[in-house]
Amino acid sequence: MLYLGIDQHAMQLTICVRDESGSIILRRQVSTVPQKVRAFFDEIHEQARPLGGWVVMVEICGFNDWLIKLLEAVGCREIIVVQPSRASTRKTDRRDAADLAEVLWVNRERLLAGRKVKGVRRIELPTPQDAADRQLTALRQRLGQEQTRVINRIKHLLQKHNLQHDLPTKTFQTQAVRRWLSQLELSPVDRLELDQLLVHWKMLIGQIKIVHEQILERCRTHERAQLIGSLTGQAGYSALAIACRVGSIERFGRGGSLANYWCLTPTSHSTGGKVVLGHISREGSAVVRFLLGQLVLHALKRDAGLKAWYQRVKKRRGSRIARVGVMRKLATSIWSMIKQNQPYIPVNERKRQLARAS
């Protein structure tokens, strides 16, 4: 069997090939022009056919899709996508490809058997539906962020002239405010900038509406999104964004494993019998952590038992640590909801159910 480490970039692939003995038999940089890269992998496939096939290890990046589809089409036996390791001070594309091929060859038996390897964070590739849902929810997030930037810029112009006190409504995102903004008398340059911002804001509102309708349509047939939506009372953007980023629930033996996957558990330093806990590592999905932070507000309103727990931790450790603790509890609850295929049950209700069962 042949073992390929690929360092992927937009214009070229740097490839290192090892044989069954671990020796490097080929180093090459291949253009990403479709005809050239397809011809190269066809040659590798023919060379590896009598040896039992070939496997690939590649680091995750934002444009892996076309490469993974190509490798599957040309007959690659298995594609192992991993999280990039911390950058070395002696980093080159050739070294990166060689390191990937070496890690693949050294741990070939465990990796091909689907077992964990220390120091290697393997990425589970999403299903086509999850990939589409991730792209859609990421688009919704970017549009929301862009709208926030536009609104903040408009508020800055108002503060520049101390006009923020003259708003016709208490809330800012209303039609009355937009009409008022379109009629404000300002200097020519400020008026020009505000007009451009209002046009951009109106365009973003329309785009968000279209994306939101698509999200609701997908939520109607997404079982996991419906379950997670029971946290807030209705499945929407947050529910779909979290549901499509769970993957196979069988990977997680308990709820704490899912919380750890999203990096909501504290880092620890243990030596000489002394354990020091630190902040969360923030290496998992930033989107999920942000959304769980938003869901905390909804969960505390709907769950009196969870709110009482939050208040106790808040008194001892502060609001930030208590909020992360609730996020961790929500992650474990999401694991239970998906595993048992049932909606969210508040803490007090769960206690009553357990009391009746006993």
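Let me start with a term: buried means under 20% relative accessible area, exposed means over 50%, and partly exposed is in between, with a 1.4 Å probe and protein chains only. R220 is exposed, at a relative accessible area of 56%.

Now the ground rules. This is a predicted model, in which local features need pLDDT of at least 70 and side-chain atom pairs count only at pLDDT 80 or more, while totals for chains, interfaces and linings use all residues. Residues are numbered from 1 along each chain as its sequence is written, and side-chain values use heavy atoms, with hydrogens and water left out.

Salt bridges next. The term stands for a side-chain nitrogen of Lys or Arg within 4 Å of a carboxyl oxygen of Asp or Glu. The structure has twelve of these salt bridges. Back to R220: its salt-bridge partner is E217, with the closest N and O atoms 2.6 Å apart. E217 is partly exposed, at 48% relative accessibility.

Where does helix α5 come in? Helices here are DSSP runs of H or I with at least four residues, strands are runs of E with at least two, and both are numbered from the N terminus. R149 and E146 form a salt bridge, 2.7 Å between the closest N and O atoms. They sit three residues apart in helix α5, residues 128–160, so about one helical turn separates them. E146 is partly exposed, at a relative accessible area of 24%.

Another salt bridge joins D190 and K160, at 3.2 Å from N to O. This pair links distant parts of the chain: D190 is in helix α7, residues 188–219, K160 is in helix α5, and they are 30 residues apart. Is D190 buried or exposed? D190 counts as buried, at 5% relative accessibility. K160 is exposed, at 52%.

On to the rings. Rings of Phe, Tyr and Trp (its six-membered ring) pair if their centres lie within 6.5 Å; planes under 30 degrees apart are stacked, over 60 edge-to-face, and the rest tilted. There are four aromatic pairs in the structure. One of them is F172 with W201, stacked, 5.8 Å centre to centre and 15° between the planes. F172 lies in the loop between α5 and α6 (175–182) and W201 in helix α7, so the pair ties together parts 29 residues apart in sequence. Both F172 and W201 are buried.

F252 and Y261 make a tilted pair, 5.2 Å centre to centre, with 55° between the planes. F252 is buried at 6% relative accessible area, while Y261 is partly exposed at 29%. There is also one aromatic cluster, formed by F40, F41 and W54.

Two of these rings carry a charge. A charge sits over a ring if NZ of Lys or CZ of Arg is within 6 Å of the ring centre and within 35 degrees of the ring normal. The charged end of K155 is over the F172 ring, 5.2 Å from its centre. R251 lies over the face of Y261, 4.9 Å from the ring centre.

Last stop, a pocket lining. Which element gives the largest share of the lining of the second largest pocket? That is α13, with nine residues. By class, this lining has ten nonpolar, six polar and eight charged residues. Nonpolar covers Ala, Val, Leu, Ile, Met, Phe, Trp, Tyr, Cys and Pro; charged covers Asp, Glu, Lys and Arg; the others, Gly among them, are polar. A pocket, on a 1 Å grid over the protein atoms alone, is an open set of points where a 1.4 Å probe fits, with protein on both sides within 12 Å along at least five of seven lines; lining residues have an atom within 4 Å of a point.
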